Amino acid sequence: MKNIKYLFIGVVFGLALTKGEAISWYRIQEMFRFESFHMFGIFMTAIPTGALFLFIIKKQKLNTFEGEVVDMPVKKYSHGIVIGSLIFGFGWALTGACPGPLYAQIGSGSWVTGVTLLSAIAGTWTYGLLQNKLPE
Amino acid sequence: MEIFYKPWPWYIAGPIIGFTVPLLLLIGNKKLGISSTLRQICAACVPANISLFRYDWKKDSWNLFFAGGIAVGGFLGGYVFANPDPVAISQSTTAYLHSFGLTDLTGLMPSELFNWSSLVTLKGFLMMVVGGFMVGFGTRYAKGCTSGHGILGLSALQWPSLIATMSFFLGGILFSHLVLPYILSL
């Protein structure tokens, strides 16, 4: 079971999301109303941490633990990114959750969030259905 | 023992979240991203011959283990070692929520809004079902979410991810100020 390690990393990630209250609907409302630094502090420490280590990986030409060349993330632009991101922002304000926190909210005992997750899956499915008809 | 129940400050949670990016890359050349799990579930359960869902999802099944781990992390942090105190949000946010008749601000989310019986009300339906739909639809359209664009993409200095993250926030800010008050008043 070589995937088990990702479960453990997920546990730590989920614990940080939960204990950092990034999965809290209250924190998300507070963030969008600019009434606290908390959530911005999470982003403003998470991103430089990631960036610093990616810089080190690149600079030192580090390989993965299995000896592969590290495949650096590349994101391509399309106008759909703007449209989709705005729609996701609306949903984030409503549910107080992005996809990661949905899983953590369910784990924390909010079973009704399972409905939100099912609806998110339905949203992804609907996007797949309409993909060719939507502006890219 | 009390320390296990306390919430973590942003300067502890943030770096741990950010460290996931190099860790996943070094451990197995994996790219942090969670909205892709929604696509995976579609591909595994209801591919319906849609091109977006016709791929070998089992090859990427690591992210389903990762998502399962997040749920376990939520269980540990939000249930087993749940903070007994309400989330320490600012006074102005508390006053704002009180103004919509939300009195019980305990837990990580307001149980007065997110519960089974409110699902059949217009307000609950909009917040959970429509909100969830927009999260799933929007993140796939945007090719990523807060983790894939906001954390991984920005860490890798990808400008499309900067556009995406700015648009997440623009959407959320506009919606919170212009639309959400009407929904909370329902």
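**Exercise 1. Identify the residues of helix α2 of chain A that are buried, and state what they pack against.**

*Step 1.* In this predicted model, the buried residues of α2(A) are Trp25(A), Tyr26(A), Arg27(A), Ile28(A), Gln29(A), Glu30(A), Met31(A) and Phe32(A). A residue is called buried if 20 or more other C-beta atoms lie within 10 Å of its own, exposed if 12 or fewer do, and partly exposed in between, with C-beta atoms placed from the backbone. Helices are DSSP runs of H or I with at least four residues, strands are runs of E with at least two, and both are numbered from the N terminus.

*Step 2.* The helix covers residues 25-32, and eight of its eight residues are buried, so that α2(A) counts as mostly covered by the burial criterion.

*Step 3.* Within chain A, the buried residues of α2(A) pack against α3 (38-59) and α4 (79-95). From chain B, α5 (91-98) and α8 take part in this packing.

*Step 4.* After α2(A) comes Phe34(A), which has a positive phi near 55 degrees.

The conventions are as follows. Residues are numbered from 1 along each chain as its sequence is written, while chains are lettered from A and ligands numbered from 1 in the order in which they are written. As the model is predicted, local features need pLDDT of at least 70 and side-chain atom pairs count only at pLDDT 80 or more, whereas totals for chains, interfaces and linings use all residues.

**Exercise 2. Describe the side of chain A that touches chain B.**

*Step 1.* The contact draws 102 residues from chain A and 109 residues from chain B. Two residues are in contact if their C-beta atoms, placed from the backbone, lie within 7 Å.

*Step 2.* On the chain A side, at least two residues each come from α1 (4-19), α2, α3, α4, α5 (99-107) and α6 (113-130).

*Step 3.* Sorted by class, this side has 56 nonpolar, 35 polar and eleven charged residues. Here Ala, Val, Leu, Ile, Met, Phe, Trp, Tyr, Cys and Pro count as nonpolar, Asp, Glu, Lys and Arg as charged, and the others, Gly among them, as polar.

*Step 4.* For the complex, the predictor gives an ipTM of 0.97 and a pTM of 0.97.

**Exercise 3. Determine whether Pro160(B) is buried, partly exposed or exposed, and list its contacts.**

*Step 1.* Pro160(B) lies in helix α8 of chain B, residues 159-178.

*Step 2.* Pro160(B) is partly exposed, because 19 other C-beta atoms lie within 10 Å.

*Step 3.* With neighbours within four places in sequence left aside, Pro160(B) is in contact with Lys75(A), Lys76(A), Tyr77(A) and Ile81(A).

*Step 4.* In chain B, His149(B) is eleven residues from Pro160(B) in sequence, and their C-alpha atoms are 8.1 Å apart.

**Exercise 4. Characterise the packing of α3(B) and α6(B).**

*Step 1.* The axes of α3(B) and helix α6 (residues 122-141) of chain B are 9 Å apart and form an angle of about 100 degrees. Axes are lines fitted to C-alpha atoms, for helices over the stretch in contact, and angles run from 0 to 180 degrees between N-to-C directions.

*Step 2.* The two helices are therefore roughly perpendicular. Angles under 35 degrees count as roughly parallel, over 145 as roughly antiparallel, 65 to 115 as roughly perpendicular and the rest as oblique.

*Step 3.* From α3(B), Ser35(B), Leu38(B) and Arg39(B) meet Gly136(B), Thr139(B) and Arg140(B) of α6(B). This contact has one nonpolar, three polar and two charged residues.

**Exercise 5. Relate the domains of chain B to the chain as a whole.**

*Step 1.* The assignment gives domain 1 (1-85) and domain 2 (116-186); such bounds come from an automatic or database domain assignment.

*Step 2.* The centres of the two domains, taken over C-alpha atoms, are separated by 18 Å. Ten residues from domain 1 and ten residues from domain 2 form the contact.

*Step 3.* On the domain 1 side, α2 (10-28) and α3 (35-45) of chain B each supply at least two residues. That side has five nonpolar, three polar and two charged residues.

*Step 4.* Chain B has nine helices and zero strands, and 51% of its 186 residues are buried. Its C-alpha trace spans about 50 × 45 × 30 Å along the principal axes.

*Step 5.* Chain B averages a pLDDT of 97, and 100% of the residues score at least 70; pLDDT is the predictor's confidence in each residue, from 0 to 100.
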